[in-house]
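Please examine the sequence and the structure shown below. The paragraphs that follow begin at the ligand and then turn to the sheet.

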Amino acid sequence: MAGLSDLDYDYLEFRTVPFYEAFFGSVLDYIYPSDKNILELASGTGFLTEMIVKKFPDLQITCVDNDTEMIFLAKKKPKLSGVGFIAGDMREFKKSGFDVVVITQAVFSLSDSEIESFFEKIHGVLNEGGRFIIGDMFAPETFFERTLYKKLWTDYMIKNGLSPENAREMLSPLDDYFRENTVRSFVSKLEDFGFSPVISPYRFWYYAVVAGWKQKVGL
Ligand SMILES: C[S@@+](CC[C@H](N)C(=O)[O-])C[C@H]1O[C@@H](n2cnc3c(N)ncnc32)[C@H](O)[C@@H]1O
């Protein structure tokens with residue numbers, strides 16, 4: 001039987017991210033048709049990038065990932081031929097002047113102290129009126145929720161074709177992944193670093209979207 005590492009990243013994404021269209025669709029809601037350029041950090045194989053290109057074909061997109069294999073896979077996708085790819089560490093990224101910065105399923109690869117300097121940096125690279133959109137898994141507020149969502153998610157993955165072993169393997173790193181970071185703690189941390197307003201428009205099991213504005217708010 002195939003182990004997790006034998007399975008293609010996008011194959012897993014379709015089968016494991018609960019209701020991925022709703023999750024990523026909520027991320028896309030905070031990109032505006034008037035936006036000119038977007039920075040996608042830790043873009044991986046370009047799973048979200050493809051959705052951005054489809055919805056906003058004229059947007060200038062810069063993707064950063066420090067895994068050259070991921071960048072290679074993303075660059076191979078014909079629909080991403082107009083995207084700029086940079087192989088590098090998002091913590092070192094220097095350019096500014098973006099209308100949107102987005103990151104999905106990667107913010108907790110940073111330590112808690114790195115997350116703080118990262119928020120400060122993102123505030124700096126955004127234009128006035130720009131938005132920082134984070135889509136990720138967050139720590140549920142209670143142990144009850146943690147246990148319940150783990151069970152529901154395991155069943156969901158198995159229903160989508162994963163073996164019970166692969167589903168369990170997917171979930172085993174989860175508690176260490178988001179540590180004690182809840183949606184609520186993330187919202188207030190973003191506010192501490194100058195984002196206002198900060199909203200959390202999507203929540204399903206562990207998954208949530210948090211978006212913060214660098215002021216100049218209009219709808
Ligand atoms: C789980 S994948 C998420 C990919 C994509 N954002 C998605 O939602 O499908 C995590 C990605 O974060 C990237 N990553 C982790 N730490 C990074 C860093 N410091 N700088 C740039 N990329 C990083 C990894 O290489 C990997 O491609």
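A polar contact is a pair of N or O atoms within 3.5 Å; within protein, one must be able to donate a hydrogen and the other to accept it, and residues adjacent in sequence count only if both atoms are side-chain atoms. The model is predicted, with local features requiring pLDDT of at least 70 and side-chain atom pairs pLDDT 80 or more, while totals for chains, interfaces and linings use all residues. Residues are numbered from 1 along each chain as its sequence is written, and side-chain values use heavy atoms, without hydrogens and water.

In the side chain of Glu 13, an N or O atom lies 2.6 Å from an oxygen atom of the ligand. The side chain of Asp 65 likewise places an N or O atom 2.6 Å from a ligand oxygen. At Asn 66, a backbone N or O atom is 3.2 Å from a nitrogen atom of the ligand. The protein buries 86% of the 600 Å² that the ligand exposes when taken alone (Shrake-Rupley method, 1.4 Å probe).

Seven strands form an open sheet with mixed pairing and the order 3-2-1-4-5-7-6. Strands are DSSP runs (E, at least two residues), as are helices (H or I, at least four), numbered from the N terminus; two strands pair if DSSP finds at least two bridges between them. Strand 3 (84–87) and strand 6 (198–204) are at the edges with a single partner strand each, so one side of each lacks a neighbour in the sheet.

Strand 2 (residues 60–65) runs parallel to strand 3, joined by four bridges. Val 64 is opposite Ile 86 of strand 3, and Thr 62 is opposite Gly 84.
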